[in-house]
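This report examines selected features of one protein chain.

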Amino acid sequence: MSKIKVAAIQMDIALGNPPANRAKAFRMVEEAAQQQTKIILLPELWTTGYCLEQIHLLAETKMGPSINGLQKLARRYGVTIAGSIAEKSHEGIFNTAYVVNQDGLLGKYRKIHLVPFMSETTYFQAGNELPVFYSNGVKFAVTICYDLRFPELIALLGYQKIDLYLNTAEYTVPRLEHWRTILRARAIENQFFVMAASRIGHDGTYAYFGHSLIIDPSGKIIAEAGESEEIITAELDLKLLQEVREQLPLLDNRRPKLYAKLRKQFNISS
């Protein structure tokens, strides 16, 4: 498969109301799947929003209604779906992106970089793993919101030569230009497609600007949402990855052993 159609879902999120958010998200996932898309991305914390003071009550396991509902949709339509929810586990509460497809639960990614000014460090535990997935003919990975600001992390996915980088987010006003610039930079630096789904609306504390994006490996924006609820789609030509990488072989020209040596030189140990 050299071409694949993908979709980013941009929605408002009712603070602390998982049933309402599930109903909306499931409708939008179904709408996206009916447009012949094969990979669908939901926003960060799409079941709850940043209702952190009650997050211990709202968090779910992989057996909960949110992931169970996504798995039913994935089986019905033969699609891959990702998006983060509050995960309840014996280790604590995590901001976790689950990935499901027609065969069931593929795996999960737990947010590595927590946002101090949004109190994530108070309510969530940080993740420590960076999985890579393969589904519907695409090699991809997912991170969550703030993670995209750390190029050292995303560069690891560049080394793996993934096809598609997903970021599930709730980016806040006034950082629209940060959002657009950083996502384009990650695509250019690592020569992969990027799809990022964010939310819109206001939760009483923060305002969210939307502008979900799909970007090609040269940094060109090929689809962008506005500031309302919508589904953006794009057909990705995976042959473009090889063309871009052959024209400018950034991934082959990296020198990771030297970078490790230089970290020691500058006493960068953490």
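Predicted model: local features only at pLDDT ≥ 70, side-chain atom pairs only at ≥ 80, totals over all residues.

Which residue in strand 7 is the bridge partner of phenylalanine 133? The partner is phenylalanine 140.

## Strand 7 and its partners

Strand 7 spans residues 138-144. Strand 6, made up of residues 133-135, pairs with strand 7 in the antiparallel sense, and the pairing extends over three bridges. Together, strand 6 and strand 7 form a hairpin in which two residues lie between the strands. Asparagine 136, located in the turn, has a positive phi of about 50 degrees.

Strand 7 also pairs with strand 8, which covers residues 164-168. Here the sense is parallel, and there are five bridges. Within this pairing, alanine 141 has tyrosine 165 of strand 8 as its bridge partner. Strand 7 is mostly covered, since six of its seven residues are buried.

## Threonine 96

Threonine 96 is part of strand 4, which runs over residues 92-101. Is this residue buried or exposed? Its relative accessibility is 0%, and because buried means under 20%, threonine 96 counts as buried.

The side chain of threonine 96 makes a polar contact with the side chain of glutamate 87, at 2.5 Å. When neighbours within four places in sequence are left aside, threonine 96 is in contact with Gly83, Ser84, Ile85, Glu87, Lys108, Tyr109, Arg110 and Ile144.

## A nonpolar patch on the surface

Leu156, Tyr159 and Tyr259 form a nonpolar patch on the surface. Together, these residues have about 280 Å² of accessible area.

The relative accessible area of tyrosine 159 is 33%. This value lies between the limits of 20% for buried and 50% for exposed, so tyrosine 159 is described as partly exposed.

## Glycine 64

Where does glycine 64 lie? Glycine 64 is in the loop between helix 2, residues 55-58, and helix 3, residues 65-77. With a relative accessibility of 11%, glycine 64 counts as buried, because the cut-off for that class is under 20%.

Glycine 64 and alanine 74 are ten residues apart along the chain. The C-alpha atoms of these two residues are separated by 16 Å.

Methods: Residues numbered from 1 in each chain as written. Heavy atoms only, no water. Helix = DSSP H or I, 4+ residues; strand = E, 2+ residues; numbered from the N terminus. Buried < 20%, exposed > 50% of the residue type's maximum accessible area, 1.4 Å probe, protein only. Polar contact = N/O pair within 3.5 Å; in protein donor to acceptor, adjacent residues only side chain to side chain. Contact = heavy atoms within 4.5 Å. Patch = residues over 30% accessible without salt bridge, like charges linked within 9 Å, V, L, I, M, F, W, Y side chains within 5 Å. Areas by Shrake-Rupley, 256 points an atom, 1.4 Å probe, with all protein chains shown as cover. Salt bridge = Lys/Arg side-chain N within 4 Å of Asp/Glu carboxyl O. Pairing = 2+ DSSP bridges.
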